[in-house]
Amino acid sequence: MKAMILKEFRELRRDRRTMAMLIALPILLLVIFGYAANFTIDEIPTRVVGPDSAQVTKQLPPLFQVDTTAAAADDDAAGDAQTARDLVQDGDAQVAIDTTTSPPTAYIDGSNLFVAQTAKAALSQMPAGTVTIDVLYNPNLITAWVMVPALIGLILTFIGTIVTSIGLVRERQNGTLEQLAVMPLKPSDVIVGKIAPYFFLAALDMVVVTLLGVWIFDVPFNGNVALFALGGAIFLFVVLGLGVLISTASQTQAQAIQVAMMVLLPQILLSGFIFPLSAMPAAISWIGYLLPLTYWVNISQGIMLRGADLAALWPSFAVLTVMAIVIFTAAVLRFRRDLAPSSRRKVRR
């Protein structure tokens, strides 16, 4: 028995991935989760549009951070309901106040659930007649309306990353990677050929999950379907590329699953999917801006709930496109390195 125990300890010591899962990952999750698990909103980006905007701004609680760089322009603006609504729809403000009504009307972005709940509660505590509250895009602040668009991305991330990583590792375990090495195919051809079936299946999953979410939970779809499909396609390339990249760094399916889980957990905690990024300290929130799911959440909620167009969402589209190019290129280079030794061995024979 003692020999078996010592043997297992030696094997664990050699398996760095397992040691990382057992020791480093729990500590990392404790620190990140401890800082990220925060529903308290300290600042809400706010715009006040129309005449007397400076006076209205002074009456707001400190929680509402009015954009001072745009304050002068907002004060000179005509200030009507559509102007304020457009600021919220385009994501330029979480709260936009139109001062031309009596009392002023505060439009709140209901697609950002926790911010909307905080803003509504804070405005409700102001003296009667100070401001009228109008929650846009999710007037009843239904949790499912906000969660379903983000869940679509989480499901695609789970399927794309884990399934794709296992698929290529299976080639290595079965010995068919040697056969691919001597075939007249470029590494990019092999990777595209491997991920194409997963891409179409994941795209089908996206359609099914989206339709079920709209049907079962009555989630509105206010935006452009083609734009939503474009964002989904780019996002799929990113997560499938991550799966390929993970597979090139793994020797077994168990290792691939371990690495995939280490990639998935931060996406759940730090993408704004559960905890708002605005409530996290800067030392943690910057990690969220490196995660593809963060930008998918912005795209899906923006299109489905707010009906936002490409002009408002292009930064998220641009970041996902860059991620897709970088990750796919890294996967091709890594895969080429894996094939090269096998190819040289075949030539020597």
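Ring pairs link Phe221, Phe228, Phe235 and Trp296 into a cluster. Here, rings of Phe, Tyr and Trp (for Trp, the six-membered ring) pair if their centres lie within 6.5 Å; planes under 30 degrees apart count as stacked, over 60 as edge-to-face and the rest as tilted. This is a predicted model, where local features need pLDDT of at least 70 and side-chain atom pairs count only at pLDDT 80 or more, while totals for chains, interfaces and linings use all residues. Residues are numbered from 1 along each chain as its sequence is written, and side-chain values use heavy atoms, with hydrogens and water left out.

Now for the wider view. The chain holds 14 helices and five strands, which are DSSP runs numbered from the N terminus (helices: H or I, at least four residues; strands: E, at least two). Of its 349 residues, 44% count as buried. Buried means under 20% relative accessible area, exposed means over 50%, and partly exposed is in between (1.4 Å probe, protein chains only). Take the contacts with a separation of 6 or more: 73% of them are between residues 24 or more positions apart. A contact means heavy atoms within 4.5 Å.

Back to the rings. A search of the whole structure turns up five aromatic pairs. Phe199 and Phe200 have ring centres 5.8 Å apart and planes at 85°, so this pair is edge-to-face. Although they sit side by side in the numbering, Phe199 counts as buried at 17% relative accessibility, whereas Phe200 counts as exposed at 61%. Phe199 also pairs with Phe237, this time in a tilted way, with 5.0 Å centre to centre and 35° between the planes. Because Phe199 lies in helix H9 and Phe237 in helix H10 (residues 225-248), the pair ties together parts that are 38 residues apart in sequence. Phe237 itself is partly exposed, at 41% relative accessible area.

Helix H9 (residues 187-216) also contains Leu212, which is partly exposed at 38%. In the loop between H9 and H10 comes Asp218, which has a positive phi of about 55° although it is not a glycine. Most residues other than glycine have a negative phi, and most peptide bonds are trans. Asp218 counts as exposed, at 55% relative accessibility.

Helix H5 (residues 81-89) has Ala84, Leu87 and Val88 buried. Seen down the helix axis, the buried residues of H5 fall within an arc of 95°, so they line one face of the helix; the arc is that of the directions from the axis to the C-beta atoms. An α-helix has 3.6 residues a turn, so residues three or four places apart point the same way. The partners of this buried face include strand S1 (44-49), strand S5 (132-136) and helix H13 (292-306). After H5 comes Gly91, with a positive phi near 80°.

Arg85 lies in H5 and Asp134 in strand S5, so the bridge ties together parts that are 49 residues apart in sequence. Arg85 is partly exposed at 32%, and Asp134 is partly exposed at 26%.

Tyr137, in the loop between S5 and helix H7 (143-174), has a positive phi of about 70° without being a glycine; it is buried, at 18%. The peptide bond from Ser102 to Pro103 is cis, with omega near -5°, and Pro103 sits in the loop between S3 and S4. Finally, Ser300 lies in helix H13 and is buried, with a relative accessible area of 0%. Leaving aside neighbours within four places in sequence, Ser300 is in contact with Pro149, Ala150, Phe228 and Leu305.
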